[in-house]
Amino acid sequence: MGKYFGTDGFRGEANVGLTVQHAFRVGRYLGWYFGRDHRAQIAIGKDTRRSSYMFEDALSAGLTASGADVYLLHVTPTPSVSFVVRTEHFDCGIMISASHNPYYDNGIKIISGSGKKINADIEEQIERYIDGEIAEIPFATRENIGRTIDFSAGRNRYIGHLISVPSRSFKGKRVGLDCANGSASSVAKSVFDALGAQTFVIHNNPDGTNINRGCGSTHLESLQQFVRENQLDVGFAYDGDADRCLAVDEKGNIVDGDKIMYICGKYRDEAGKLSEHTIVTTVMSNLGLKKACERDGLRTVQTQVGDKYVVEEMMLRGYDLGGEQSGHIIFMKHATTGDGILTSLMLMGVMIERKRSLASLSEEMPVYPQVLRNIRVHDGNETLENEKVQAAAKTVAEELGDEGRILVRKSGTEPLVRVMVEAVSTEICEACCQRVIDVIIAEGFAVGE
């Protein structure tokens with residue numbers, strides 16, 4: 001990770017860690033970089049945070065000042081930017097969002113012309129420009145100044161793409177959607193309505209400050225209750241920029257990204273559509289996924305945490321299904337990045353083709369109890385490099401043996417260290433997590449402890 005860019009773009013509290021000056025200079029550099037031999041064309045999308053409008057203006061100013069033309073998709077999911085950039089041949093795309101973070105945070109995600117996250121070397125050059133380590137870029141003048149262009153049509157093409165994916169109608173299915181008061185609010189219901197579902201929507205009235213607040217894929221309680229009370233067949237919850245999806249079955253039980261990958265992977269393999277019989281996961285995936293796949297003749301390949309690492313492995317080896325427990329799922333045949341709405345369509349397709357409920361499909365994958373604890377720290381790298389912290393984690397791993405595992409890692413988007421333990425009981429998980437956290441606190445790394 002760089003100084004400003006983490007695993008999921010440049011993220012921070014609006015006008016604190018990420019300011020309009022930062023956004024302007026990001027735009028200035030990208031407009032110049034992609035416009036060295038032609039007039040650059042760059043698409044911008046945003047989520048519903050109040051600050052997203054401010055950053056859209058700052059980025060547009062920087063881009064046009066460097067001579068680029070800017071195409072505004074307005075409020076739209078992150079995967080729609082990836083889709084539009086890839087299919088409409090833009091030089092790059094920018095998504096303004098902090099995903100599942102609170103409304104006061106925001107972020108700048110840069111998407112390459114191939115629809116994937118931009119290379120780290122370009123992010124490094126942008127950081128150097130922000131810090132004044134690269135010579136100032138000349139302003140465009142006269143007819144060379146760029147334009148901003150309304151490109152709502154791009155989002156509509158993305159909606160059309162989603163509607164074209166399922167091979168069967170959703171008629172007769174009662175579907176609940178939690179749009180997290182975010183980007184999905186502008187897209188999800190129209191897609192499910194067009195496919196014939198009876199669609200019931202909650203948390204789709206964004207006001208600039210309620211994105212992810214008690215809703216969406218990080219707060220599933222209201223969707224669980226909504227599904228049960230309205231006797232729905234299934235519920236889907238998206239995050240703020242709709243690049244992840246978690247599900248709720250007809251009984252109100254949570255179906256996470258691991259189970260979604262298992263259900264879709266098994267179905268695709270039986271249909272002869274799963275490349276190399278393989279699902280790409282991260283180290284955070286539950287042991288139950290690996291064991292269920294082994295039982296059914298499937299293989300799992302693990303990467304470090306971050307959907308960009310999953311995509312890199314998929315592209316390198318030619319795999320077509322991968323993702324994260326958090327709900328970032330990549331169906332490479334249809335998208336080059338995680339797409340929450342696409343994921344919900346693919347899961348619906350399996351339910352309809354198999355003529356089975358989501359509860360019955362998901363119960364085929366056992367789940368090991370898993371506890372994830374986040375602890376805010378002064379410096380993630382120093383925490384992980386501390387000998388006593390490492391020793392504590394090693395001791396726990398040795399005690400768990402083949403009946404569990406521990407993972408201690410730094411967040412790529414927040415000043416947190418994440419301690420995850422899987423074991424045969426929740427009590428063991430909690431105790432093992434606390435042992436490592438106690439050492440982190442005792443060594444003085446924890447904030448406010």
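Which residues in α8 meet which residues in α9? D258, M261 and Y262 of α8 meet L289, A292, C293 and R295 of α9, with contact meaning heavy atoms within 4.5 Å.

This is a predicted model, where local features need pLDDT of at least 70, side-chain atom pairs count only at pLDDT 80 or more, and totals for chains, interfaces and linings use all residues. Residues are numbered from 1 along each chain as its sequence is written, and side-chain values use heavy atoms, leaving out hydrogens and water.

**View 1. Helices α8 and α9 pack together.** Helix α8 spans residues 257–270 and helix α9 residues 287–295. Their axes lie 10 Å apart, at an angle of about 10 degrees. The two helices are therefore roughly parallel (angles under 35 degrees).

**View 2. Helix α7 has buried residues.** L223, Q224, F226 and V227 are buried in α7 (residues 221–229), that is, under 20% relative accessible area with a 1.4 Å probe, protein chains only. Seen down the axis, these buried residues fall within an arc of 165 degrees, so they line one face of the helix. The face turned away carries E221 and E229, which are exposed (over 50%). Just after α7, Q231 takes a positive phi of about 50 degrees.

**View 3. F236 sits in the largest nonpolar core.** Such a core joins buried Ala, Val, Leu, Ile, Met, Phe, Trp, Tyr and Cys residues through side-chain atoms within 4.5 Å.

Key:
Helices (H or I, at least four residues) and strands (E, at least two) are DSSP runs, numbered from the N terminus. The arc is that of the directions from the helix axis to the C-beta atoms. Axes are lines fitted to C-alpha atoms, for helices over the stretch in contact, and angles run from 0 to 180 degrees between N-to-C directions. Angles under 35 degrees count as roughly parallel, over 145 as roughly antiparallel, 65 to 115 as roughly perpendicular and the rest as oblique.
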